[in-house]
Amino acid sequence: MKKEICKEANVMSFFNEIAGDYDNWYKTKIGSFADKVETRLAFDLFVPVQGMRVLDVGCGTGNFSIKLAQKGCKVTGIDISEKMLHIARKKAKMAGLNIEFKKVDVYDLDFLDESFDAVFSMAAFEFIKEPKKAFDEMYRVLKTGGQLLIGTINKDSSWGRLYMEQAQKDPDSIFRFADFKTLIELENLDKKHLMKSGECLFIPPDAPEDKISQEEEKRLAKTERGGFICALWKKK
């Protein structure tokens, strides 16, 4: 138990350290493209409804909390990094959005059973070491009839392989704390209530800028594994 607490503290400390630079990657051409296709996949699977109460797990600097709020959802974003949350609050305020951000551990969600109409988690589950425990907590706070969406880096892809290599070679890599999943592993968190799943980001991380396009994404989708995967469940 002490060892696990120590690991979590290390992860939180690391995310606090990189919080100020976290959004810079999304300003690059490949980062902006990745965000675009990941967002499209997420909202192809999960359709927000005006006024629904949504829990955004591992919200980081508020990227998807803001997107959900802009679609009319009442959003609560949670993360273990207070510095990430601080940035998220500033971004939401600048956008004129009323989003609640709280420091909460996914393994021990500080909410009553069936508190949310939907639970959403994008680009955070790769840092979840106990996926079933986290999934069960997310499912617990989800209302009957509600939907749960998880999006994460695909272990079985060029993106997954690159990040695993970085984790081994670079002690300063954020991905040394990661635990990547395949699409099958993600779906197997709850096969009974799985509704649908999908892949995107077929363009590799080392693609030259002139190859970063929707046309190239569509072409590679015929032969490559997506670097990002999403799965959607419904609580019955």
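I call a residue buried under 20% relative accessible area, exposed over 50% and partly exposed in between, with a 1.4 Å probe and protein chains only. The model is predicted, so I take local features at pLDDT of at least 70 and side-chain atom pairs at 80 or more, while totals for chains, interfaces and linings use all residues. Numbering runs from 1 along each chain as its sequence is written, and side-chain values use heavy atoms, without hydrogens or water.

**Cysteines**

I looked for disulfides (pairs of cysteine sulfur atoms within 2.5 Å). The count is zero. Cys 59 is in none; its nearest cysteine sulfur belongs to Cys 73, 15 Å away. Cys 59 has 6% relative accessibility, so I log it as buried. Cys 200 is also in no disulfide. There the nearest cysteine sulfur is that of Cys 230, at 6.1 Å. Cys 200 is buried too, at 5% relative accessible area.

**Second largest pocket**

I then turned to pockets (open sets of points on a 1 Å grid over the protein atoms alone, with protein on both sides within 12 Å along at least five of seven lines; a 1.4 Å probe fits, and lining residues have an atom within 4 Å of a point). I list 27 lining residues, with Tyr 22, Trp 25, Tyr 163, Ile 174 and Phe 175 nearest the centre. Helices (DSSP runs of H or I, at least four residues) contribute: H1 (2–18), H2 (29–45) and H6 (158–169) each supply at least two lining residues. H6 gives the largest share, four residues.
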